[in-house]
Structure formats: structure tokens, C-alpha cells
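Here are a few friendly notes to read alongside the model. Please have the viewer open as you go through them.

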Amino acid sequence: MIDPWSSAILNYEKLIEEFGIKPFHDLLDEIESPHILMRRGVIFGHRDYGRIVKAMREKNKFAVVTGMMPSGKMHIGHKMVVDQLIWYQKRGAEIYIPIADMESYSARGIDFSEAKRIAIEEYITNYIALGLDLDNDNLHIYLQSENKTVGDLAYKLAKRVNMNEMKAIYGFSGSTNIAHLYTPLIQVADILHPQLEEFGGPKPTVVPVGPDQDPHIRLTRDIAERFGTQFNFISPSSTYHRFITGLTGGKMSSSKPKTAIFLTDSAEMAVKKLKSAKTGGKESLAEQQEMGGIPEDCVVYEMLLYHLLQSDDELKKIYHECREGSIMCGECKARAAEMIKNFFKDLHIKRENAKNKAKSILN
Ligand code: TRP
Ligand code: SF4
């Protein structure tokens, strides 16, 4: 069982074996200019993504839905979703971004007003600063608690979901509070409402998420089928990206500041954190020269792979140099530090410029 509200690290291979998620790699050749995270295997799995490939190829309408739970600060791992949204926006997708204030209330005890503040100051500001166009007519961003269409749809759909099913999917028990029990239905409605007649009717929809969200995807796909004759929903597709490793080697998590580089960190702080990160290097220089390092176990390499280095050739070069022991961690970190410094300097300016705009988005 996967618990979307716990922070356990998942075994990606197992997800593919046990939950029927398909390897993303198999579709790569069919996608025109795939996203860097697709090419590099960070997006590792999907359900029914073929539908989205087809819609993009034939220039048909399709929707992208991905939400955020406004519970704390945004870290650099959260940037991945924004990067994907930007890619879809360039491809003409209808984009829906629910702000899951109902979920952060039921799962984290955060009031709606506080969730709204976090959404504006953290998420929306960063989304704009990172390059997503929130003014685009094809983009809809909303608070779950304020979206009547979504609320009503959730309630309608809930009529055909029972307690045993929720227990089986989420491990809910007799002591689970009803708000928590109900919020997955809101998320299901987030994902399906773009297919209602008032939003243009049934269309392929993709939900780009981390694998912890897969229980919601499975529930949504089941419900979509159950309401087949009533709404004609097309079962939503999904993609799954690997989580970024935290600075200390475990999961990067906003609730554990030592593990995370926050998007609000200063350039100096980001550099300092990167320099202190766990690498795949050896104990001594001599040993590393002889045996090489292990980029697969290196947070610095991962930062280059996910975020900092756009050129695949340069990335490959670093990979081989590391493996061969011809580059040492000190030099490698210094290079990455330069890149992260520039990234954060630029982001800081863009965040400052985005602040006012961000306040107007939810009005
Ligand atoms: N549950 C998601 C999270 O924890 C947020 C979310 C709400 C979401 N609605 C969604 C994600 C719809 C994808 C699609 O971050
Ligand atoms: Fe990581 Fe670079 Fe050291 Fe290799 S050389 S382990 S990629 S920091």
C-alpha cells in the first residue's frame, strides 16, 4: 500500500511490477522533443500516456491537472512539476492547477486562510518566477475550497464509492476523520472536472505527479469508468517522476530543513547547502582516482541531472569523468556551485518581480 501522506521512500521498480505503472522509456521515441526529465529517466513511469502522445501529435485538445498541497515552503524538488507544466503550456494544453487547501486542512491542520497565504507567497510566486504563464486563458488555478464545480462533482462521485474501497486503497480505519476520508474525492474531482460539458467535454487528461499520488490516480480511473454512461469521462493518464534526494541522502522534505534547498534560499545559502551535500565520492583522493566515484549515489550529480545542466553531452561527460576517477568531488562541486549560484540569483530577481502579480492571481 502507498500512503500519500507519509514520507516513505518508494521503490520505483516495485511500482512498475506491482501496481501496473508502465515504464516511460518505451514511449520516448514517439514524443516530439521530449522534456529533459523524460529524456533523462526522471519521469520513469506512466499510465495510458499514449493517449496524450496522440493528442499532442494530432493537435487535439487535452488537459493537464496537477495540484499542490500548500503546507510549507517549496523546495527545489517541487520545481519539477512546474518545469513539466511549462512544457505542456508550450504544447497548447489546457492547464488546471488546484491548490489543495482542503487537503492541507484535513491532513496537516492548516487553516484555509493560512493555506491561501502560503499558496500566494510560495507556490504562485515561484510558478511565475520559474516561467509559467498564469495569465494564459488556457490556465486555471483555484483553491479547492472555493471551487463549487469541483465540490459538487466530488459529492456526486462520492455516491458510488464506499468505505471498504477507501480502506483498501488508503488503509483508512474506523478512526480516520471524515474530512481526511473525503479529500481524495475532491482530488478525483480536480482531475475529472475539466471533462465536464461546461469545460468542453471529455478529453484526454494527464496528471504529472510523484508516485506517492498513485493511489489517487487509481481511484480516479476507477471512478471515471464507473460513471462511464453518465459523464463519458476518458480515463485520465498519469506520469510519475522520481523524487529528488535530500542533501543528507534520504528524501528531500520541507518539514526537514536540513534535507532541502528551498526556492527562497539566497544564492549563498544554496551554494553552502550544495557544498555540504552527500556525494558519491570515495574516502580519499587516491581511492577516488583509482576506483572512481558513483554518480548514481551523488546528490550533486542529481542536482545537475534534474535541474542545473541543460546539455546532455556535458552531463554525460561529467558522468564518465566521475566514473573514471578523472574528476574529484571538490572540483565537481565547485562547478555545480557556480551553476546553482547563477540559478538562484536569477530566481531571486524573478521572485521579487513576481510578488505583486502573485497577489492578484486568486482574485
Ligand atoms: N494531493 C496532492 C499533493 O499532495 C495535491 C493535489 C490536489 C493534486 N489535487 C490534485 C495533485 C490533482 C494532482 C492532481 O500534493
Ligand atoms: Fe558526485 Fe561529482 Fe563527486 Fe562524482 S565527482 S561523486 S558526480 S560530486
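1. Helices α14 and α15 are roughly antiparallel to each other (an angle over 145 degrees, on a scale from 0 to 180 between N-to-C directions). The axes of α14 (residues 299–308) and α15 (residues 312–324) come within 10 Å and cross at roughly 165°. Axes are lines fitted to C-alpha atoms over the stretch in contact, and helices are DSSP runs (H or I, at least four residues).

2. This is a predicted model, in which local features need pLDDT of at least 70, side-chain atom pairs count only at pLDDT 80 or more, and totals for chains, interfaces and linings use all residues. Residues are numbered from 1 along each chain as written, chains are lettered from A and ligands numbered from 1 in written order, and side-chain values use heavy atoms, without hydrogens and water.

3. For α9 (residues 178–192) and α10 (residues 214–226), the axes come within 9 Å, crossing at roughly 65°. That makes α9 roughly perpendicular to α10 (65 to 115 degrees).

4. Around ligand 2 (a heavy atom within 4 Å) you will find Thr279, Gln288 and Tyr301, among others.

Terms used
Helix = DSSP H or I, 4+ residues; strand = E, 2+ residues; numbered from the N terminus. Parallel < 35°, antiparallel > 145°, perpendicular 65-115°, else oblique.
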